[in-house]
Amino acid sequence: MFHKILVANRGEIAVRIIRAAQQMGILTVAVYSTADETALHKELADEAVCIGPAPSKLSYLNAQAILSAALYTGADAIHPGFGFLSEDAEFAKLCEEVGIKFIGPNAKTIAIMGDKAKAKQTMKDAGVPLVPGSAHEVTLEEAKNLAQSMGFPLLIKASAGGGGKGMRIVQNADQLESAYLAARNEAKAAFSHDGVYMEKYLSNPQHIEVQVLGDKYGHVIHLGDRDCSIQRNHQKLLEEAPATLETKLQSSIREAALKAAQAVQYENAGTVEFLVQDNAFYFIEMNTRIQVEHPVTEMITGIDLIQWQINIASGLPLTLKQEDIQYRGHAIEVRLNAEDPSKNFLPSPGTLSFIHLPQGLGIRFDSALYQGYTIPPFYDSMMGKLIVHGPTREAAIKKMQAALNELILEGMNHNQSFMQSVLKHRAFMEGRFDTTFMQRYKEGLLSDGT
Ligand code: ADP
């Protein structure tokens with residue numbers, strides 16, 4: 001087992017990883033930017049190293065500085081969390097080269113899955129159904145030709161995409177060229193790679209994903225599914241586990257995810273994402289890291305995913321068998337963001353003047369917040385995640401409503417009451433929703449929740 005783990009991240013996920021490691025008796029090293037001098041992850045870790053100024057490019061994305069910090073402190077592993085360097089194959093390779101274990105899959109798997117066009121081809125070869133479209137990057141000419149046979153609406157997506165960036169809906173032939181160029185430009189700015197591919201635009205899909213775990217000995221299992229259809233601007237806001245699906249469809253999706261992970265001999269934790277519409281499912285991408293929404297899977301399986309990531313990376317076999325995975329009840333997670341829902345979710349950082357957290361059986365709050373903490377404006381707007389677990393979906397919804405009602409976060413704009421409106425919306429409560437939920441009901445949710 002590792003002696004010391006450096007956590008190459010910040011915010012709630014850094015705190016979550018530090019706690020998991022400390023509970024395993026492993027020493028931890030935090031890295032922080034000058035904007036994070038007062039951050040909780042820096043205080044909780046056994047050691048902390050400043051890796052640069054506020055902009056992520058100069059600190060949390062600065063591979064050299066992070067590796068130097070790991071070597072300097074004698075860390076034998078790096079946990080990248082999510083975002084930042086977590087899906088950077090080059091960084092994973094650099095870790096391998098300097099003899100520090102990267103807690104995640106190997107660089108080759110990250111590279112294949114990080115290129116969404118390549119990932120689709122790999123999945124196609126493994127017999128996993130894909131959204132119809134191009135299984136490779138396209139030039140403008142190819143895009144125009146393909147659009148004629150595919151028809152509209154369609155989606156142009158960045159191969160390196162993530163967080164909904166580099167994605168454009170095209171309704172008709174006139175919009176194609178400008179959407180193509182806009183997607184390329186956005187991808188170039190965000191990911192330094194401007195390759196794009198095309199997909200049929202599904203009009204009302206559910207976003208369903210499956211959690212997988214694999215070890216270096218070729219043993220791969222899945223831990224069930226999550227529904228992440230409640231999104232804003234293609235970014236998730238609320239997730240639940242398990243997804244509410246017809247039993248046969250649910251087991252086909254879980255099996256397909258397992259097949260996908262086995263096809264690449266997947267090692268460590270990963271997520272296979274699908275869109276589901278009209279009783280059919282289609283692979284969209286695989287994320288080769290821990291996800292923001294991992295707690296809902298932990299709540300219904302009782303399995304600590306971060307600790308398993310650490311076990312697996314240290315070379316221990318995955319001793320969980322598929323038949324050991326039991327699903328208990330229902331879990332829901334709400335992302336609490338410092339943002340203004342009425343201004344198209346504009347980020348709204350500030351100082352937390354007062355915090356009160358709901359408590360009780362099956363209630364969890366993952367965050368890096370404390371009273372008096374000032375949220376720096378440089379990073380993601382997510383402040384924390386409220387997660388609840390109940391015996392049924394209905395019970396979990398009621399528990400989340402009560403927990404959100406009790407939660408107090410004062411000092412900045414955030415989406416707490418907006419999310420309460422989502423929880424109380426009839427279509428949500430009745431399980432009649434898909435990724436168009438927000439677009440369809442946003443006005444009502446912003447005013448009175450109907
Ligand atoms: P990212 O990696 O940027 O998060 P994804 O491919 O995971 O991008 O898609 C994010 C979200 O965008 C999905 O959950 C879904 O809401 C929407 N989306 C993606 N592809 C399609 C598609 N072909 N048709 C309709 N919606 C899509």
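**The ligand site and the sheets around it**

A backbone N or O atom of Gly 164 lies 2.6 Å from an oxygen atom of the ligand, a polar contact in the sense used here (a pair of N or O atoms within 3.5 Å; within protein, one must be able to donate a hydrogen and the other to accept it, and residues adjacent in sequence count only if both atoms are side-chain atoms). The model is a predicted one, in which local features need pLDDT of at least 70 and side-chain atom pairs count only at pLDDT 80 or more, while totals for chains, interfaces and linings use all residues. Residues are numbered from 1 along each chain as its sequence is written, and side-chain values use heavy atoms, with hydrogens and water left out.

For Gln 231, a polar side-chain atom is 2.7 Å from an oxygen atom of the ligand; for His 234, an N or O atom of the side chain is 3.2 Å from one. Taken alone, the ligand exposes 550 Å², of which the protein buries 95% (accessible areas by the Shrake-Rupley method with a 1.4 Å probe; for residues, only the protein chains shown count as cover). Strands β6 (154-158), β8 (196-200), β12 (268-277) and β13 (280-287) are the elements that give two or more residues to the shell around the ligand; helices (H or I, at least four residues) and strands (E, at least two) are DSSP runs numbered from the N terminus.

The ligand has 22 residues around it, and those that come nearest are Lys 157, Gly 164, His 207, Gln 231 and Glu 285 (a residue is near a molecule or strand if one of its heavy atoms lies within 4 Å of it). By class, the shell holds seven nonpolar, eight polar and seven charged residues; here Ala, Val, Leu, Ile, Met, Phe, Trp, Tyr, Cys and Pro count as nonpolar, Asp, Glu, Lys and Arg as charged, and the others, Gly among them, as polar. Domain 2 (132-200) and domain 3 (206-448) each supply at least three shell residues, with bounds from an automatic or database domain assignment.

Turning to the sheets, three strands form an open, antiparallel sheet in the order β7-β6-β8, where two strands pair if DSSP finds at least two bridges between them. Its edge strands are β7 (167-170) and β8, each pairing on one side only. From one strand to the next, the twist averages 25° (axes are lines fitted to C-alpha atoms, for helices over the stretch in contact, and angles run from 0 to 180 degrees between N-to-C directions). Four bridges join β6 to β7, and Leu 155 stands opposite Ile 169 in β7.

Another open sheet has eight antiparallel strands in the order β13-β12-β9-β10-β11-β14-β19-β18. Strands β13 and β18 (363-367) stand at the edges with a single partner strand each, so one side of each is left without a neighbour in the sheet. Within this sheet, β9 (206-214) and β12 pair over nine bridges, and Gly 214 has Asn 268 in β12 as its bridge partner.

Some loops show backbone features worth a look. Most residues other than glycine have a negative phi, and most peptide bonds are trans. Asn 233, not a glycine, has a positive phi of about 45° and lies in the loop between β10 (220-232) and β11. A cis peptide bond, with omega about -5°, joins Phe 152 and Pro 153; Pro 153 sits in the loop between α7 (140-150) and β6. The bond from Ala 241 to Pro 242 is cis too, with omega near -5°, and Pro 242 belongs to the loop between β11 (235-241) and α9 (247-263).
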